[in-house]
Amino acid sequence: MMNQIVQGILLGGYYALIACGLSFMFSVMRIINLAHGSLAILSAFALWLLASRFHISPFLGLVIVLPLMAVIGWALQRFLLERSARGGALLPILTTFGLAIVIDNVLFEQFGADTRSLAPFIGSLSYDSWEWPGSIYVGKLAVIIFVAAVVLLGGLQLFLTHTGLGRSIRATSEDPDTAGLVGVDARRANTIAAAIAMVTVGLAGAFLGMRATFDPYAGATQLLFAFEAAVIGGAGSLWGTLIGGIVLALAQTLGATVHPQGFLIGGHVAFLIVLFIRLYTSGLGLRGLLGLAAGKAS
Amino acid sequence: MSLSVEDLVVRHGLLQAVRGVSFSVERGETLALVGANGAGKTTLLRAIAGAHQAASGRVVFDGADLSGVPSHERVRKGVALVPEGRRLFVQMTVEENLLLGRTAGRSGDWSVERVLETFPNLKPRRHAKAGHLSGGEQQATAIGRALMSNPELLLLDEVSLGLSPLVVDRVYASLHGLISSGTTIILVEQDLNRALSVSNKVICMLEGRVALAGDSRNVSRDEVTKAYFGLHRKGAGGVPA
């Protein structure tokens with residue numbers, strides 16, 4: 001049991017990484033980016049391309065891919081999300097859904113349906129492990145991913161609370177109109193936030209490629225995990241994302257010990273339980289939610 | 001510093017909230033904007049700050065036409081608004097709210113320390129979240145945040161709204177200090193006596209138009225009250241529009 005808990009916590013680090021960007025974009029721009037998973041896969045393919053064609057290690061490849069992801073984030077916000085957000089809350093969701101389909105199919109056209117992995121390009125790191133007391137084996141890569149998640153979340157937290165740009169991003173997320181009245185360029189703040197979110201997505205995609213296999217249509221699953229971790233941890237809360245990732249991963253790991261299919265089901269059950277608890281503690285309740293839906297329908 | 005508002009029209013959808021308003025303010029002057037609820041005072045102030053786009057007319061600041069200039073750029077040029085309802089960032093501390101005021105990057109004398117000296121009630125609350133402050137503390141933070149941008153023109157919208165008389169006295173005491181330091185101020189205020197006591201110019205608005213404009217020393221309270229209710233007759237001390 002202790003082994004499962006340790007593995008679950010370490011896996012939670014990866015989920016925190018993938019959920020971090022989704023949560024960040026939602027909290028700052030109020031946009032649910034349904035292309036999140038596909039963009040992570042795009043990053044993984046970019047690293048795979050650099051490694052397989054140009055023999056650039058995936059870790060070194062991050063120096064190229066992460067700035068590219070930042071540029072993609074900047075362009076997405078400036079040319080797509082900003083414009084679609086003017087059409088209401090639903091339009092950005094539909095836009096990013098469409099974007100996910102475009103990315104998935106472009107990747108399929110370019111790379112085919114074969115599954116790939118970055119594991120062959122990182123040597124023994126993909127399978128090396130340390131033995132902890134009690135015959136618990138922890139993968140070195142899993143520890144690196146967990147540490148990367150903690151460092152990233154901590155760095156983001158410091159950036160948001162201790163820098164002028166971070167304060168501007170927080171002000172924009174809280175009240176963009178008033179942010180403008182105190183001298184904050186809300187448009188610039190949103191664009192930088194989107195670039196930061198894409199860098200975190202790029203990093204998550206890299207670690208996904210190192211620890212597992214991926215194919216052009218793997219984005220939807222990653223989006224689901226990111227969404228579940230973000231909701232469990234409380235969308236918009238950085239450290240909550242880490243807790244959400246750990247809870248999701250623990251539920252999956254423990255679910256897998258019950259039944260081979262229990263990995264995914266365990267995570268979904270944990271997500272639903274937290275969702276229902278949130279609904280009831282928010283004072284809305286399921287009945288209220290249904291009433292609201294009925295009221296809107298009528 | 002000079003501000004010139006020329007035949008300004010601002011709409012909220014189909015409603016014309018400001019209808020061809022013109023006036024000017026010179027350096028060091030304090031203009032009081034008075035009028036009933038819905039007269040267009042707040043909309044006018046927000047249009048000067050860039051929060052509302054004008055349908056027609058111009059706002060000229062220091063000789064530059066501000067039409068189409070976004071609000072954050074206007075702060076950079078020296079126009080700062082203390083909005084109605086304070087509109088603080090409630091998840092941030094007092095200090096963080098004040099530091100945000102420096103985003104525009106204008107050089108000047110205002111610092112967090114000076115704001116805390118000006119509003120001593122904020123000193124012990126420096127690291128408290130803005131959402132946990134009293135009304136008076138919130139108002140002081142909102143004014144301090146605007147001052148941190150080192151403005152040449154300070155727009156104050158209903159600074160006494162919802163505050164106890166004692167707190168209003170404190171806020172106005174600090175305003176007197178700002179006025180004597182030469183800061184140009186446009187003040188929207190419901191309390192006529194206070195508005196006339198701190199200003200040297202007064203404009204009374206009615207249904208989006210200027211109903212009365214004049215020198216605060218020469219306009220009687222009675223004249224302003226009549227203009228307030230649309231009863232002003234030509235030939236009084238002020239200049240009816």
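The largest nonpolar core of this predicted model has 163 residues, and L17(A) and L155(B) are those with the most contacts inside it. A nonpolar core here is a set of buried Ala, Val, Leu, Ile, Met, Phe, Trp, Tyr and Cys residues joined through C-beta atoms within 7 Å. A residue counts as buried if 20 or more other C-beta atoms lie within 10 Å of its own, as exposed if 12 or fewer do, and as partly exposed in between, with C-beta atoms placed from the backbone. Helix 8 of chain A, residues 186-211, gives the most to this core, with 17 residues. Helices (H or I, at least four residues) and strands (E, at least two) are DSSP runs numbered from the N terminus.

Leaving aside residues up to four places away in sequence, L17(A) touches I145(A), A148(A), A149(A), L152(A), T200(A), L203(A), A204(A) and F207(A). Contact means that the C-beta atoms of two residues, placed from the backbone, lie within 7 Å.

Residues are numbered from 1 along each chain as its sequence is written, and chains are lettered from A and ligands numbered from 1 in the order in which they are written. Because the model is predicted, local features need pLDDT of at least 70 and side-chain atom pairs count only at pLDDT 80 or more, while totals for chains, interfaces and linings use all residues.

An unreviewed UniProt entry places the feature "transmembrane region" at residues 6-24, 31-50, 56-76, 88-108, 136-160, 191-210, 230-251 and 263-281 of chain A. Such annotations may be inferred rather than shown by experiment, and their positions are given in the numbering used here. Residues 191-210 of chain A are 100% helix and 0% strand, with end C-alpha atoms 29 Å apart. For residues 230-251 of chain A the figures are 82% helix and 0% strand, and the end C-alpha atoms lie 15 Å apart.

Two packed helices are described by the angle between their axes and the distance between the axes. Helix 9 (residues 219-233) and helix 10 (residues 238-258) of chain A pack at about 115 degrees, with their axes 7 Å apart. Axes are lines fitted to C-alpha atoms, for helices over the stretch in contact, and angles run from 0 to 180 degrees between N-to-C directions. Among the residues making this contact are F225(A) and I232(A) of helix 9 and L242(A) and V247(A) of helix 10. By class, the contact has 8 nonpolar, 5 polar and 1 charged residues. Ala, Val, Leu, Ile, Met, Phe, Trp, Tyr, Cys and Pro count as nonpolar, Asp, Glu, Lys and Arg as charged, and the others, Gly among them, as polar.

Between the chains, 21 residues of chain B are in contact with 15 residues of chain A. Helix 2 (71-77) and helix 3 (94-100) of chain B each supply at least two residues of the side that touches chain A. The largest share, 4 residues, comes from helix 2 of chain B. This side of chain B divides into 11 nonpolar, 6 polar and 4 charged residues.

R167(A) lies in helix 6 (residues 164-174) of chain A. Residues up to four places away in sequence aside, R167(A) touches E96(B), L99(B) and L100(B). R167(A) is buried because 24 other C-beta atoms lie within 10 Å.

In chain B, N150(B) has a positive phi of about 50 degrees although it is not a glycine. N150(B) lies in the loop between helix 5 (135-147) and strand 7 (153-157) of chain B, and counts as buried with 20 C-beta neighbours inside 10 Å.
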